[in-house]
Amino acid sequence: MNMSDTPLLKVKDLSKFYGSRIGCQNVSFELWPGEVLAIVGESGSGKTTLLNCLATRLAPSAGSVEYRMRDGQFRDLYRLNEAERRFLMRTDWGFVHQNPADGLRMTVSAGANVGERLMAIGDRHYGNIRATATDWLGRVEIASDRIDDQPRAFSGGMRQRLQIARNLVTNPRLVFMDEPTGGLDVSVQARLLDLLRGLVSDLGLAAIVVTHDLAVARLLSHRMMVMKDGHIVETGLTDRVLDDPQAPYTQLLVSSILQV
Amino acid sequence: MPTPLVVSDVAKSFTMHLRDGIRLPVVANVSFSIKAGECAVLGGPSGAGKSSILKMVYGNYAVDQGQIIVPYGDRLVDLASADPRTVLGVRRDMIGYVSQFLRTVPRVSALDVVAEPLVARGIDRTEARDKAAALLAGLNLPERLWSLPPATFSGGEQQRVNIARGFITDHPILLLDEPTASLDAKNREVVVSMIRSKKEAGIAMLGIFHDEDVREAVADRIIDVTAFAVQGEAA
Ligand SMILES: Nc1ncnc2c1ncn2[C@@H]1O[C@H](COP(=O)(O)OP(=O)(O)OP(=O)(O)O)[C@@H](O)[C@H]1O
Ligand SMILES: [Mg+2]
């Protein structure tokens, strides 16, 4: 069987309630290898709740999320044992936070931030780890003479690039990103987006990107889901959703921006 | 060989939810097919729905009704109802598109913009760039521009990047939305001869050309879009 004809992730009727409030409700979709899915909507629409439920950072109230492990078997993410969950978190997945401080260790060097993920999967050879870390810093356009500096000394854009290197160094198959360009200056955003676009396509990564910025969705994603009040109101090919939006809420979102 | 493109009974309207949900009918009963090596041209006044038809064939606009059938691998795909993954696969392997305007991506050079469709099909980057360079040279785009992102290019320069990008692959179907609109006479001639070569190579083309000379030179057949106007329904 050709694996690219099999989804990587199968989400069925996923819901999360905060007491009587809806976080997200009845979300179903499948994600294939190499596919980038953007989840868009304004703040409070449930994007991050959904992302956290998918990434097992938050327990859903109902529904199922199945992931195809490297052995080809689908496993219910909420029935994994601790070792399997650790493997996903440390190796097979990445999670890029909006605020780099949430995804980095701010008081260890840039090189160690990248090397740490390698050590977690059993690499013990200092020279190899440093060489791989240097290579990855280069790929995210951080000069090699900054390898021993702490991210505290980095600009926002550099921190975010470091966070990306830290996540990608283990060759994950799936990366979750929560507003990866949020909080950055526009010019810095453009550079980061371009870098992400290149990395995601070169590595053939599957990714789920939460963003309220439709230009980010346009540039990075193949497919889009539009969320409002915890529900998916529209889904489809990214350029189709943006150029010929069908749902009233999507039309409102698209018309509220200058041009994407 | 199956017909490369069959459009049958397609209808399209826009519902403007922000304007009290008014419905803007564009076209209905759109039916035509295009043979390999044929260049059909959509004719009709501005606003008749020519670009909308091209965009539906590319999967960029939703289709209200009808079918758009393209052979893909050993099956036939209906683009009007295909899922996003299938549409992306059909675009990668079957349909090239030269849009009216180039959508630029920051920091990507003109050469890479042109080479990208080949790279996406697994062709080696160096080889793809060589082919891109040959096309840009043929279209007289000054070599000093090749390494720059096209965002700052003139309309005609951007259009030539767009044309090179659309023509670089050997997609069996090519959609052309006014590819010569902002070109001078010399470059229009280049595009006309590029279209002729595509015909000889058996490519099925569907285009929009406002320039009468170009249309005369390339069209095998005019499809009159006013025939698809929606009857008895005020916009
Ligand atoms: N995304 C859209 N949303 C709403 N209305 C649209 C959209 N795209 C096109 N239209 C409308 O559909 C009708 C047909 O437009 P289209 O661009 O297909 O015409 P055209 O024949 O290509 O015109 P031109 O010769 O001026 O390029 C027009 O009334 C246009 O305003
Ligand atoms: Mg048009």
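A residue is called buried here when its relative accessible area is under 20%. By that cut-off, 53% of the 260 residues of chain A count as buried. Keep in mind as you click around that this is a predicted model.

Stop 1: Along the principal axes, the C-alpha atoms take up a box of roughly 55 × 45 × 40 Å. Of the contacts with a separation of 6 or more, 67% join residues 24 or more positions apart.

Chain A exposes about 11,200 Å² of accessible surface, and carbon and sulfur atoms own 48% of that. If you colour by charge, you get 30 positive and 30 negative side chains, with the centres of the two sets 5 Å apart.

**Stop 2: the two domains.** Colour residues 3-92 + 174-259 of chain A one way for domain 1, and 104-171 another way for domain 2. Their C-alpha centres are 25 Å apart. Where they meet, 15 residues of domain 1 of chain A touch 15 residues of domain 2 of chain A.

**Stop 3: two residues with positive phi.** Most residues other than glycine have a negative phi. Zoom in on Thr56(A), though, and you'll find phi near 60°. Look for Thr56(A) in the loop between α1 (47-54) and β4 (62-68) of chain A. Is Thr56(A) buried or exposed? Thr56(A) is buried, because its relative accessible area is 14%, below the 20% cut-off.

Next, hop to Asn171(A), another non-glycine residue with a positive phi, this one near 55°. Asn171(A) sits in the loop between α6 (156-168) and β7 (174-178) of chain A.

**Stop 4: a helix in chain B.** Finally, select α2 of chain B, residues 84-93. How many of its 10 residues are buried? The count is 7, which leaves the helix mostly covered. Show the side chains of the buried set: Pro84(B), Thr86(B), Val87(B), Gly89(B), Val90(B), Arg91(B) and Asp93(B).

What do the buried residues of α2(B) pack against? From chain A come β9 (223-228), β10 (231-237) and α9 (238-243).

Methods
Residues are numbered from 1 along each chain as its sequence is written. Chains are lettered from A and ligands numbered from 1 in the order in which they are written. This is a predicted model: local features need pLDDT of at least 70, side-chain atom pairs count only at pLDDT 80 or more; totals for chains, interfaces and linings use all residues. Side-chain values use heavy atoms; hydrogens and water are left out. Buried means under 20% relative accessible area, exposed over 50%, partly exposed in between (1.4 Å probe, protein chains only). Contact means heavy atoms within 4.5 Å. Accessible areas come from the Shrake-Rupley method with a 1.4 Å probe; for residues, only the protein chains shown count as cover. Lys and Arg count as positive and Asp and Glu as negative; His and the chain ends are not counted. The place of a charge is taken as NZ of Lys, CZ of Arg, CG of Asp or CD of Glu. Helices (H or I, at least four residues) and strands (E, at least two) are DSSP runs, numbered from the N terminus. Domain bounds come from an automatic or database domain assignment.
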